[in-house]
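Let's take a friendly walk through part of a protein model. Have the sequence and the 3D view ready as you read.

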Amino acid sequence: MLPAALQSAQDSPSQPPTLTEEVLPPKKLVHLVASTKKEEIQVPSLATYYTNPTTTQYNHWFQCVCVLKFDIEIGSVIDSIYPPNILHPREEKDLTSLAFPESNSLQQTEGVLQYTFRLRHFSKLSLNATAPSEHGFSFGYTLFSQQRDPSSKRGFTQRAVVIISDMHPQIEFFYRLVGIVGSKVLDAQTGVMDVLRQVYDTVALTWPQRPLAGAKYNSLNVFGYMLELEMPPSEGMYERKQGSAAKVVEGGAGAAEEKEEQKVMVVKRVSNQDEEEGEPTKQIFVTVSKEEQKVANNNHKYQLDAEEASNQNQGFELTSYLSKQYSFSSAALFGDLLIQKRGGGLTGQSVYLLWPLWELAMTETPLMIVGEDPSECSHSVLTLMSLLAPLRPVQTVDYRPYITLYEGDTKEFSQRCKGGVGLGNTVLGVSNPYLVQYVGGQVNPPAILHLERAHFHEKKYQCPKDMELTSKCVKSFNGKLPKEVLHALVLSQKPLDTQKSTLVLKPSKIALRHLNLDKSIEESLAINNWILRQHFKEMTEVFLRAFDPYLRINFAVRGTGDPIQIKYNLTKAFKEKEFLESPGGPGTKENAFCRIYMNGNKDKTMRLYKRFVNTTIFRKWLNDKKKEIAEQELAALQQRQPQK
């Protein structure tokens with residue numbers, strides 16, 4: 001509380017009070033008033049978005065939408081942003097760095113790119129001061145456009161539209177949303193801020209106030225386009241750090257249902273009059289091909305009864321049927337992404353690299369993925385994160401789908417490597433090859449996956465993604481990777497084709513032979529996506545089955561009825577030495593993973609498990625499973641007790 005005389009001085013500054021014993025000297029009075037006002041000033045940041053008193057309308061779908069342009073003299077700058085004054089200066093600097101490609105991504109003069117990056121919230125703590133889970137992040141869904149402009153000195157203009165959101169599982173959904181917003185922004189000669197304000201207010205006022213876990217939304221209207229979306233379960237809906245202000249709301253339509261259904265994302269034009277069958281859809285800015293647009297949603301469950309199917313045309317029947325037969329759980333993290341993306345990424349014979357990448361991710365080996373452009377490297381990083389389902393590596397790994405040289409954390413990554421510590425549990429996507437030397441360093445270098453064609457020119461190799469995967473290649477595959485594929489992966493600063501590999505897992509012949517290799521069938525992308533995702537999901541589940549003895553209930557402890565004993569001692573404590581030497585452990589042929597996926601090689605299986613049990617992802621998974629079992633038993637115990 002301020003002194004009474006001081007309070008009166010603030011209420012009527014034109015009439016200074018008479019100095020008495022209760023009144024402070026004038027200099028101290030001015031200092032106290034100034035410091036009081038200074039404390040009221042709150043620096044904006046994404047970390048304080050939901051607690052910022054200046055925000056008039058909170059938007060739980062995305063935090064802001066912005067337009068950036070490239071200026072020849074000063075570089076990339078934020079042209080418009082809504083809501084204004086929401087980003088910290090550090091966040092603005094990082095945004096301007098991440099919103100534009102570092103490489104010459106567009107070989108032609110005109111074109112668009114869509115990609116994703118993670119933007120770290122401003123914090124007084126440095127990146128290396130604490131664990132990645134203690135930092136807050138938001139995703140930047142980006143539409144980069146390059147268009148001819150005779151009035152420009154460079155002959156073209158570059159602009160980017162970015163939606164900042166912490167709803168990270170909805171990659172394809174936000175790609176479509178930013179495509180709609182981008183088409184409006186790029187078509188508008190003036191009034192860009194009005195477009196941003198309109199889309200922000202439309203989503204905040206007309207869409208559900210907060211997306212519910214497991215809910216379905218069939219009419220999300222923006223600029224006359226209708227988006228349909230099914231939300232995943234509550235776990236991992238947001239990218240906010242532990243203990244943040246915004247919590248996930250449980251429940252909603254279909255939240256209690258566990259059966260797998262398709263997450264459908266549709267973009268169509270709604271006219272003021274009644275819709276007519278066959279009305280053409282307005283073109284929006286997306287980077288995928290027409291074939292990929294038709295099958296982009298086929299990796300989710302889509303139910304279509306016979307009566308409804310009979311009313312559709314033959315082409316739609318085929319796509320819907322394949323969507324139903326070859327689908328993947330909507331609960332899978334980044335499960336809406338196609339593994340084999342047209343035009344780049346893990347296509348062609350680079351699909352062989354999925355198994356080494358799975359092993360690197362399971363053992364938390366630091367990794368850098370170098371792509372031709374931000375779209376390729378960001379897609380590859382997110383795909384890698386999704387291969388470990390049902391594990392959720394995003395809770396323990398610091399993964400960046402795309403970083404640049406001038407992004408704020410790049411320097412800290414470099415200092416970590418040069419200090420001899422190494423990158424740690426980190427996966428980075430880059431399009432600038434210089435970052436391999438700048439960040440990787442010479443001490444404890446990370447593994448590097450090269451997808452850019454320039455890496456293979458030195459030895460005159462063909463890039464694996466340009467090498468067609470034919471039925472002949474699959475039938476003759478004997479577990480030995482082609483030299484071009486080995487050259488793509490660098491461990492300890494040496495390509496695998498020049499050294500003996502330390503990796504133990506080989507591609508599955510069964511999974512490869514089930515792939516649809518007919519490029520003329522556009523639905524093959526959806527079919528292969530389901531086959532590969534299902535294979536890696538089953539392989540991960542079989543791998544984790546070896547830890548079942550440590551998740552079984554001790555009925556002696558259960559019979560005590562003691563909540564403390566049940567909470568902490570209900571399951572067997574894990575001991576690494578005991579696990580590795582157990583009769584049915586990884587070093588024996590009784591282990592299902594060793595028998596099915598390792599061809600009975602006990603030594604290699606033992607090495608893989610030994611590396612896995614020393615990772616943070618294993619410790620978190622095991623602790624979460626033990627906690628879940630204990631909570632279920634405590635709830636059952638409470639129900640059995642008579643009510644007083």
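## A helix and a sheet

In helix α11 (residues 408-418), the buried residues are Asp-409, Thr-410, Glu-412, Phe-413, Ser-414, Arg-416 and Cys-417. Buried means under 20% relative accessible area, found with a 1.4 Å probe on protein chains only. Helices (H or I, at least four residues) and strands (E, at least two) are DSSP runs, numbered from the N terminus.

This is a predicted model, where local features need pLDDT of at least 70, side-chain atom pairs count only at pLDDT 80 or more, and totals for chains, interfaces and linings use all residues. Residues are numbered from 1 along each chain as its sequence is written, and side-chain values use heavy atoms, leaving out hydrogens and water.

What happens at the N-terminal end of α11? Glu-407 caps that end, with a side-chain oxygen 3.0 Å from the backbone nitrogen of Asp-409. After α11 comes Gly-420, with a positive phi near 90°.

Now to the sheet. Six strands form an open, mixed sheet in the order β10-β11-β9-β12-β13-β14. Because β10 and β14 (494-495) stand at the edges with a single partner strand each, one side of each has no neighbour in the sheet. Two strands pair if DSSP finds at least two bridges between them. β9 (residues 367-370) and β11 pair in the parallel sense over four bridges, and Val-370 has Val-430 in β11 as its bridge partner.

| Helix | Lies across | Angle |
|---|---|---|
| α9 (residues 354-362) | β9, β12 (447-450) and β13 (489-491) | about 35° to β13 |
| α10 (residues 374-386) | β9, β10 and β11 | about 155° to β11 |

Axes are lines fitted to C-alpha atoms, for helices over the stretch in contact (heavy atoms within 4.5 Å), and angles run from 0 to 180 degrees between N-to-C directions.

Note on methods. Buried < 20%, exposed > 50% of the residue type's maximum accessible area, 1.4 Å probe, protein only. Polar contact = N/O pair within 3.5 Å; in protein donor to acceptor, adjacent residues only side chain to side chain.
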